[in-house]
Amino acid sequence: LGGNLLEVADQLHQTQVNWSYSVGGDLFWNDIEMSINNPNQVTCCATYVSSSLYLAGYFTEDEMNSFNYNSSNSLYNFLLSVGWQTIQNYNDLQPGDVVFMDNTGNKSGINHVQLYAGDGLWYNAGNNDAIHGSAPYSQGSWASSSFLVALRQN
């Protein structure tokens, strides 16, 4: 397929807008194609971002199926292992950055991932509101207060 990551993320969001959020047994593991076409119509933040990266042509099916793409921590470690650049400062974000967050607000570890669209807007599948709402959308100060690190393709 291939294409601009944010365009693909938008197309995927439009396709999955009636889906629901899940981190349970109704997700598919080690089969990115089934995750994209999940008959259970569920996704999570990491599955959505991983699917966007795959559909945009960043990684092959075998590469995607080589790690737990349903986990934001696993996605973070995978992107690091293939040489993506670490962005430590929220103010340095650029459109297309893969942003890892702590949605509890205590910054104790990665438990959420989303795509930065630029101008304070985000693509996110971290809950039903994000999946069912319009995208990209603004998260206000929550995004900056929850930011841990971002990764960018070199």
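Tutor: In what follows, a helix is a DSSP run of H or I with at least four residues, and a strand is a run of E with at least two, each numbered from the N terminus. The model is predicted.

Student: In which loop is Pro-136 found?

Tutor: The peptide bond from Ala-135 to Pro-136 is cis, with omega near -5°. Most peptide bonds are trans. As for its place, Pro-136 is found in the loop between H6 and strand E7 (137–138).

Student: How many helices and strands has the chain, and what is its radius of gyration?

Tutor: The chain has seven helices and eight strands. For 154 residues the globule rule gives 15 Å, and the value for the chain is close to this, so the chain is as compact as a globular protein of that length. The radius of gyration is 14 Å.

Student: What percentage of the residues in the chain is buried?

Tutor: A residue counts as buried when its relative accessible area is under 20%. Of the 154 residues in the chain, the buried share is 48%.

Student: How far apart are the end C-alpha atoms of helix H1?

Tutor: Helix H1 covers residues 5–16, which makes 12 residues. At 1.5 Å a residue, H1 should span 16 Å. The model agrees with this, for the end C-alpha atoms are apart by 16 Å.

Student: Within what arc do the buried residues of H1 fall?

Tutor: The buried residues in H1 are Leu-5, Leu-6, Val-8, Ala-9, Leu-12, His-13 and Gln-16. Seen down the axis of H1, they line one face of the helix, because they fall within an arc of 155°.

Student: Which exposed residues does the face of H1 turned away from its buried side carry?

Tutor: The buried residues of H1 are covered by elements including helix H3 (45–55) and strand E5 (112–118). The face turned away from that buried side carries the exposed residues Glu-7, Gln-11 and Thr-15.

Student: Is Asn-30 exposed, partly exposed or buried?

Tutor: Asn-30 lies in the loop between strand E1 (20–21) and H2, and has a positive phi of about 60° although it is not a glycine. Most residues other than glycine have a negative phi. The relative accessible area of Asn-30 is 46%, and this residue is therefore partly exposed.

Student: What is the relative accessible area of Asp-119?

Tutor: Asp-119 is found in the loop between E5 and E6. This residue has a positive phi of about 55° and is not a glycine. Asp-119 is exposed, with a relative accessible area of 78%.

Note on methods:
Residues are numbered from 1 along each chain as its sequence is written. This is a predicted model: local features need pLDDT of at least 70, side-chain atom pairs count only at pLDDT 80 or more; totals for chains, interfaces and linings use all residues. Side-chain values use heavy atoms; hydrogens and water are left out. The expected span of a helix is 1.5 Å times one less than its number of residues. Buried means under 20% relative accessible area, exposed over 50%, partly exposed in between (1.4 Å probe, protein chains only). The arc is that of the directions from the helix axis to the C-beta atoms. Contact means heavy atoms within 4.5 Å. The radius of gyration is taken over C-alpha atoms; the globule rule is 2.2 Å times the number of residues to the power 0.38.
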